[in-house]
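My notes follow in the order I made them.

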Amino acid sequence: GQSLFVGVDEYDAPTNNSTLAGGNTGLRKGILDNVQHIESFFKENLFSILKEGCSTMSMNDYGVIISKYFLTGVIPAFRACISPLTATAIVSNNRSLHGICGFSESEVKAIVKHYLRMNDQEAEPLLHSIRRLYNGYCFAMSGYDKSSSPLPLVYNPHLVLHYLSNFQSEGFVAKPEESTAVHSTTILKSIADVGEFSVNDLVELIVSKSVQSKIKTEFGYSEFLSVGKDREITWSLLFYHGILTLSPDGSMRIPNDIIQSEVLDRIAAFLRTQDKISALIVPAIRNLKAGRAEEFCKLLETFFSFRAVRSLQTANEAVLQGVVELLLDEPSNRIPELRLVVDGSKEPGKGRFGFVDIFIPRQAMAIGSEQTCVVMELKSATLEGLWKGATSRKSDYKDLESLREALCSESESSLLSRKYTHWSQGDGGWTTVTLESIMEAGVKQLQRYMQTIALGKVRSYDTSRVLDSRVNIDHGLDDLQGYVLMAIGGARVLVRPVDRIETECEYVRALQL
């Protein structure tokens, strides 16, 4: 005989299926009875037997019958039935064991090249898509301090394999988010439009890009059903279900495009119920393709008017991009950060790539005026930077509130003449410029990007064209309509249209996300 190593995968699946199927969001006796029955079954018929197998009372000539056991998917709320296994320890939050939670970058690259029989250049565009979709996770909570080097982020293994399997058989991936093991959509649906924890908290997450909250490691099933009511429980469950993950500073953030799309879908469903916002969405987006962006600017300003000054104090381009994505009513169509090869003679990391903030391709089967694609370059001047540009004094809340009110009534020329102080990565220090100069730089950059997009898809390694599997490019007669949008202190949004470019290409959103 030999000692056994017992593995239990997706331990929480039975209770998850019971509690989350059908969108259960409240504590009901029937649900509690069902979960208690499941817990009792596994406790008596599995884990008690495992305990006996681990006991010295069950030793044979080779030692105990079960030498080790390994459980995955153990959410704290569902730990009751493993109580017989008193020696269990959570290892997923241990920094030294971080890699067991998912595939590493090198592992995914090796799998793609071997499984699809690709070389480095052939695999690179596919790896870029997979990285955006499924990378970004970090679950190690212990042993962190500011001197610690960041852990390498890991991929969701289940979805990586799902993607590659579909890509090999079909040549594309129609549903890159599909996973029978993920209950994130149901968790998000259980968050109410209003309440102690509401959709507004998700909006703030998109706007601020991260959230600070304690992660509870011990709580019972009745608390699990407090999702959407208890803030700490809700943030913790969003973490345990992979909707959030850890940042190097200990805060929590959305890990990747798949999860961001799910969160944006939940917020979009809420915004469509808000009269002041929903009435502006459809005409604003329609007019973008017609060459008019004023309605979209008004939509952004209306959204910002509901946000507190504190949340807009340091709202940069990344925040503006999150808000724009949130308000665009076609999440399956837009393409954030479309990747371009802007200089094919350079190596990655040295000016080879450029990224378009927002690209909205034409609809499939479009005709006439519908054959227009929208290209957006986003700029954002924070309240804090505007205050620093105008005065040397340190700001307080009242100062920023007064500044925001002043911005609302200023003319466009007055706004653009304002000075703005920001940290310059290139200069390695603080620099002060005018908003007009930022706008002009944005126009020049967007013109370059649009000219690159007009060339079509990359044909060889040293060409400057589009290199992004999320858009299919073929022969056609699509136009490119460009806009530079600048948010100023969360009070005003200015737009500078860029001349329309006629192309010999057709740009359609790929089935693959």
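Entry 1, terms. I take contact to mean heavy atoms within 4.5 Å. Helices (H or I, at least four residues) and strands (E, at least two) are DSSP runs, numbered from the N terminus. The model is predicted, and local features need pLDDT of at least 70, side-chain atom pairs count only at pLDDT 80 or more, while totals for chains, interfaces and linings use all residues. Residues are numbered from 1 along each chain as its sequence is written, and side-chain values use heavy atoms, with hydrogens and water left out.

I find 18 helices and 13 strands in the protein chain. Of its 513 residues, 49% count as buried (under 20% relative accessible area, with exposed over 50% and partly exposed in between; 1.4 Å probe, protein chains only). Among contacts between residues at least 6 apart in sequence, 68% join residues at least 24 apart.

I looked up helix α3 (residues 105-116) against helix α4 (residues 120-134): the axes are 10 Å apart and the angle is about 125°. Axes are lines fitted to C-alpha atoms, for helices over the stretch in contact, and angles run from 0 to 180 degrees between N-to-C directions. The two helices are therefore oblique to each other (under 35 degrees is roughly parallel, over 145 roughly antiparallel, 65 to 115 roughly perpendicular, the rest oblique). On the α3 side I list E105, V108, K109, V112, K113 and L116, which meet D120, A123, L126, L127, I130 and R131 of α4. By class this contact has seven nonpolar, no polar and five charged residues (nonpolar: Ala, Val, Leu, Ile, Met, Phe, Trp, Tyr, Cys and Pro; charged: Asp, Glu, Lys and Arg; polar: the others, Gly among them).

The axes of helix α12 (residues 294-305) and helix α14 (residues 317-327) come within 11 Å and cross at roughly 110°. That makes α12 roughly perpendicular to α14. F296, L299, L300, F303 and F304 of α12 make the contact with L320, V323, V324, L326 and L327 of α14. I count it by class as 10 nonpolar, no polar and no charged residues.

Which residues touch the most other members of the largest nonpolar core? They are I130 and F296, in a core of 84 residues (buried Ala, Val, Leu, Ile, Met, Phe, Trp, Tyr and Cys residues joined through side-chain atoms within 4.5 Å). Helix α10 (residues 257-271) gives this core its largest share, seven residues. Leaving out residues up to four places away in sequence, F296 touches A284, L288, V324, L328, M376 and L485.
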